[in-house]
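Keep the structure open while you read.

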Amino acid sequence: MTTKLQTIAAGALAIALAACSTTGTAEAESASASQATTDTPFPSTYEPYPGAPTALVGATIYDGVGGRIDNGTVFFSGGKIVSIGGPDTPVPADIAVFDGTGKFVTPGIIDIHSHLGDYPTPSVDAHSDGNEATSPTTPEVWAEHSVWPQDPGFARALANGGVTSLQVLPGSANLMGGRSATLKNVPSRTVQGMKFPGAPYGFKMACGENPKRVYGNRGRMPSTRMGNFAVNRQTWLDAKAYDGKKRDLAKETLKGVLDGEILVHNHCYRADEMALVMDMAKEMGYKVSAFHHAVEAYKIGDLLRENDVCSAIWADWYGFKMEAYDGILENAAYLQREDACVVIHSDDANGIQRLNQEAAKAQAAGARVGIDISDAQVIRWITLNPAKAMGIDAMTGSLEPGKMADVVLWNGDPLSVYSRPEKVWVDGALLFDAMDRKRRPVSDFELGQPGEGDVK
């Protein structure tokens, strides 16, 4: 009897991607894994899908760095951006050329805060694997060990949102939730086949209401904000004393943070707590890469800029609990006015499909109070800035020669609610084409079901 998995073309990594050559991809995964050093657990086996030299001409280009080129040209080959410029940019003969007249080109969209794969759809208890809520500190857990590559949310983020890279984080029940996983948004049989090559690990922390509520309700420490900080500080002190003679998975992660190899992503809402966390980081010898949610970041934009900490925020979520009460629509705009690092994130399986619209909403809120932020700068909020905070900005996040050819061709202004991705390339491989129904990734989980691979 033929199973669903057997219906997929050989080498398609357990996800149907019709009309996209996958010959040898499984073999490449195996070869890459065999080359990995034995002391690197769960190494990335990611290999780009086959691509072709491609040029997009005549489009309006936002390069992700803050620049705009009208009637521009982007040429990529071998999975990398080769050149970007105006209409006179040379393009080799006999390559794929797409007319972008009236359309827009951006780098691939990057979501710094996602739970896809760990809280996949369908959202049922059997799939709820994002919070190891059994101890206030669980630095030993890794989000990737819960990622289900068949989550249909990955394909929808690619097709509807142009998302080419994302960071999957553990949840926020714990003060220290564990390591994050930075992924390329490609079909794969395994999470290792999605792991972004060369990306540093992230480390999820949380302050405020969540940890004190979860553990205070169990009659144990922490039950207050001062308890949160006390547990954190003692855990860091214990980690600083770790000599590595006997393996301790939790302390290995914490040592990686203290050594600057693992980047801290801290769930935090209130401005006063963010300021205290930055002081704790200085005391213990680590650095916060980004505060996530950060609804009161606008109150301390100068401190965030001085400490080189990004704010990964929503456009308009606020008021759903007390620590979110002081959230304002102008958060991103006030941060930008202070020249602080702004990132628009999702934290939501639907929001990840609309990050371009979320960024536009935050831009509009600024305009209403007299803070005009260029479209090119706003695009940076969902491309280069998240890449910077995730430690992958040398490889992706902008359309610069030598970087990964993670590219989106939009059918209109990407900051318009009426626009959507027309084509999406990941490392130069065309993985989604709205004009070709065969070039749409479909999760194996969805095969044969009503609405299979729907693009809303």
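In this predicted model, helix α4 (residues 225-240) packs on helix α6 (residues 271-284) at an angle of about 20°. Their axes lie 11 Å apart. The two helices are therefore roughly parallel, since angles under 35 degrees count as such.

**α4 against α6**
- The crossing of α4 past α6 is right-handed.
- On the α4 side, the contact is made by R225, F229, N232, R233, W236, L237 and K240.
- On the α6 side, E273, L276, V277, M280, E283 and M284 take part.
- By type, the residues of this α4 contact with α6 are seven nonpolar, one polar and five charged.
- Residues three or four places apart in an α-helix point the same way, because there are 3.6 residues a turn.

**α4 against α5**
- Helix α5 (residues 249-258) also meets α4, and their axes come within 9 Å.
- These two axes cross at roughly 90°.
- That angle falls in the range 65 to 115, so α4 is roughly perpendicular to α5.
- From α4, the contact residues are T235, W236, D238, A239 and K240.
- From α5, they are K251, L254, V257 and L258.
- The contact of α4 with α5 divides into five nonpolar, one polar and three charged residues.

**Helix α3**
- Helix α3 spans residues 209-216, and its buried residues are E209, N210, P211, V214 and Y215.
- These buried residues pack against β11 (202-206), α4 and β12 (263-268).

**M278 in α6**
- M278 sits in helix α6.
- Its relative accessible area is 5%, so M278 is buried.
- Beyond residues up to four places away in sequence, M278 touches F291, I300, L303, L304, N307 and V309.
- M278 and G256 are 22 residues apart along the chain, and their C-alpha atoms are separated by 18 Å.

**T137 in a loop**
- T137 belongs to the loop between β7 (109-114) and α2 (152-161).
- Is T137 buried or exposed? T137 has a relative accessible area of 18%, which means that it is buried, as the cut-off is under 20%.
- Setting aside residues up to four places away in sequence, T137 touches L175, M176, V231 and T235.

**W410 in β16**
- W410 is placed in strand β16 (residues 407-410).
- Its relative accessibility is 0%, so W410 counts as buried.
- Which residues does W410 contact, leaving aside neighbours within four places in sequence? They are K103, F104, T106, I109, G161, N356, R420, P421 and E422.
- W410 and A59 are 351 residues apart in sequence, yet 9.4 Å apart in space, C-alpha to C-alpha.

**Annotated region**
- An unreviewed UniProt entry carries the annotation "domain: Amidohydrolase-related" for residues 339-427.
- Over residues 339-427, the chain is 30% helix and 15% strand.
- The end C-alpha atoms of this stretch are 31 Å apart.

Definitions and conventions
Residues are numbered from 1 along each chain as its sequence is written. This is a predicted model: local features need pLDDT of at least 70, side-chain atom pairs count only at pLDDT 80 or more; totals for chains, interfaces and linings use all residues. Side-chain values use heavy atoms; hydrogens and water are left out. Axes are lines fitted to C-alpha atoms, for helices over the stretch in contact, and angles run from 0 to 180 degrees between N-to-C directions. Helices (H or I, at least four residues) and strands (E, at least two) are DSSP runs, numbered from the N terminus. Angles under 35 degrees count as roughly parallel, over 145 as roughly antiparallel, 65 to 115 as roughly perpendicular and the rest as oblique. A crossing is left-handed if the near helix is turned anticlockwise from the far one by less than a right angle, and right-handed if clockwise. Contact means heavy atoms within 4.5 Å. Ala, Val, Leu, Ile, Met, Phe, Trp, Tyr, Cys and Pro count as nonpolar, Asp, Glu, Lys and Arg as charged, and the others, Gly among them, as polar. Buried means under 20% relative accessible area, exposed over 50%, partly exposed in between (1.4 Å probe, protein chains only). UniProt positions are given in the numbering used here, feature names are shortened, and annotations may be inferred rather than shown by experiment.
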